[in-house]
Amino acid sequence: MQTFAAFLTRDHAQCDNRFADAEDAVSSQDWDRADTVYPAFRQAMAHHFAMEETVLFPAFEAATGQAGGPTQVMRSEHVQMNDLLDNMSAALAARERDRFLGLAETLLWLMRQHNMKEENILYPMCDQALAAQKSALLDRLEKT
């Protein structure tokens, strides 16, 4: 049976690929392509955050009673990433290549740290704490 770790790590990789496409398009100043691939990346990130914040985190918190622990840290980092994404959108709209790439570098660093914590700590904790609900929750994640 699939695990939360496998499912969500695969989604991280898909987001990372979209991010690389957007960064490449802006770096080469292919603005038409950037106007397509960056929104796709942003939507992928929003979808990933929604899966975690509306399905996984509440289930984990209910099962463990840990509302102020690792999920709170992850939500806080989602806010930071969304702020960077907003600024990257503005830089893209203004065709500010260097500003976009600087923000992208910060976002990449934050995403790597964030993903490592989720993949190595939180997702395995979820796999353990939510084992009895795994099938139903994975179904909900897929439908989010």
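Student: Where is Arg95 found?

Tutor: Arg95 sits in the loop between α3 and α4. Helices here are DSSP runs of H or I with at least four residues, strands are E runs of at least two, and both are numbered from the N terminus. Before we go on, note that this is a predicted model, where local features need pLDDT of at least 70, side-chain atom pairs count only at pLDDT 80 or more, and totals for chains, interfaces and linings use all residues. Residues are numbered from 1 along each chain as its sequence is written, and side-chain values use heavy atoms, with hydrogens and water left out.

Student: Thanks! What is the phi of Arg95?

Tutor: First the general idea: most residues other than glycine have a negative phi. Arg95 is not a glycine, yet its phi is positive, about 60 degrees. Gln29, in the loop between α1 and α2, also has a positive phi, of about 55 degrees, without being a glycine.

Student: Is Gln29 buried, exposed or partly exposed?

Tutor: Buried means under 20% relative accessible area, exposed means over 50%, and partly exposed lies in between, using a 1.4 Å probe and protein chains only. Gln29 is partly exposed at 45%, and Arg95 is partly exposed at 35%.

Student: Now for charges. How many salt bridges does a search of the whole structure find?

Tutor: A salt bridge is a side-chain nitrogen of Lys or Arg within 4 Å of a carboxyl oxygen of Asp or Glu. The search finds nine of them. One of these joins Arg75 and Glu61, with N to O at 2.5 Å. Arg75 belongs to helix α3 (residues 70-93) and Glu61 to helix α2, so this pair ties together parts that are 14 residues apart in sequence. Arg75 is partly exposed, at 24%, while Glu61 is buried, at 16%.

Student: Which residue forms a salt bridge with Lys143?

Tutor: That is Asp139, and the closest N and O atoms are 3.1 Å apart. Both residues lie in helix α5 (residues 134-143), four residues apart, or about one turn of the helix. Asp139 is partly exposed at 34%, and Lys143 is exposed at 65%. Asp127 and Lys134 form another salt bridge, with closest N and O atoms 3.9 Å apart. Here Asp127 is buried at 14%, and Lys134 is buried at 11%.

Student: How many disulfides are found?

Tutor: A disulfide is a covalent bond between the sulfur atoms of two cysteines. Here the test is a pair of cysteine sulfur atoms within 2.5 Å. The search finds zero disulfides. For Cys15, the nearest cysteine sulfur is that of Cys126, 17 Å away, which is too far for a bond. Cys15 is buried at 3%, and Cys126 is buried at 0%.
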